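Hi,

Here is the structure I promised to pass along.

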Amino acid sequence: MPAVTRPAHATGEYLVDYEEKVFEDVKAAPGEKALVTFHTVAFEGSIGLVNLLQATRLQRKGYETTILLYGPGVTLGVQRGFPTLGDEAFAGHQNYAKQLTRFIQEGGKVYACRFALQALYGHGEGALVEGIRPIHPLDVLDLMLLHRKAGAVILDTWTL
């Protein structure tokens with residue numbers, strides 16, 4: 001069997017060139033919009049958290065950014081915790097609430113479908129993270145269409 005002669009990686013080492021940026025740093029022109037939709041279940045994969053970070057990045061680049069939680073996406077916006085709401089039962093347990101709260105504090109808008117809240121997941125509007133606005137299920141498509149008409153950047157987040 002061949003011998004491994006390289007030393008193990010050490011904390012603080014670089015494995016990639018993290019400083020090289022290939023593309024220009026794009027910023028929004030005044031009035032440009034972005035919409036990030038979520039039809040994904042909390043904790044079922046990384047896409048929910050990754051695109052919450054992308055929404056925050058779009059907001060910081062100057063886009064008027066909106067998040068839409070619909071279908072299973074509403075699970076990203078409900079309060080959670082154990083043993084009480086707000087408690088972090090494990091590292092990362094409050095990631096969604098923290099990211100959504102930061103996004104809202106920085107001027108972003110977040111909407112959640114009332115149908116998905118009640119009919120699909122048995123939650124009421126009081127279960128939402130503070131600052132999330134519940135909307136009628138017929139508003140889901142209209143919100144998407146309004147952003148499309150405005151020429152917005154649209155990121156759709158889906159898991160199956």
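A quick word on terms before anything else: helices (H or I, at least four residues) and strands (E, at least two) are DSSP runs, numbered from the N terminus. Please keep in mind that this is a predicted model, where local features need pLDDT of at least 70 and side-chain atom pairs count only at pLDDT 80 or more, while totals for chains, interfaces and linings use all residues. Residues are numbered from 1 along each chain as its sequence is written, and side-chain values use heavy atoms, with hydrogens and water left out.

**Overall layout**

The protein has four helices and five strands, and from the N terminus on they run β-α-β-α-β-α-β-α-β. Its C-alpha atoms fill a box of roughly 65 × 45 × 30 Å along the principal axes. The radius of gyration (over C-alpha atoms) is 19 Å, whereas a compact globule of 160 residues would have one near 15 Å, going by the rule of 2.2 Å times the number of residues to the power 0.38. Of the 160 residues, 38% count as buried, meaning under 20% relative accessible area with a 1.4 Å probe, protein chains only; exposed is over 50%, and partly exposed is in between.

**The inside**

The largest nonpolar core has 35 residues, and I67, L68, L69 and I132 have the most contacts inside it. Such a core is a set of buried Ala, Val, Leu, Ile, Met, Phe, Trp, Tyr and Cys residues joined through side-chain atoms within 4.5 Å. Among the elements that give two or more residues to this core are β1 (33-39), β2 (64-69) and α4 (137-149). As for L68, its contacts (heavy atoms within 4.5 Å) include L35, F38, Y111 and M144, leaving out residues up to four places away in sequence. In general, nonpolar side chains tend to be buried together in soluble globular proteins.

T56 or V16: which is buried, and which is exposed? T56, in helix α1, is buried because its relative accessible area is 4%. V16 sits in the segment before β1 and is exposed, because its relative accessible area is 62%.

V16 also belongs to a nonpolar surface patch with Y14, L15 and Y18, and together they have about 540 Å² of accessible area. Patches like this are made of residues with over 30% relative accessible area and no salt bridge, with nonpolar side chains (Val, Leu, Ile, Met, Phe, Trp, Tyr) joined within 5 Å. A salt bridge is a side-chain nitrogen of Lys or Arg within 4 Å of a carboxyl oxygen of Asp or Glu.

Cheers

Technical notes: Patch = residues over 30% accessible without salt bridge, like charges linked within 9 Å, V, L, I, M, F, W, Y side chains within 5 Å. Areas by Shrake-Rupley, 256 points an atom, 1.4 Å probe, with all protein chains shown as cover.
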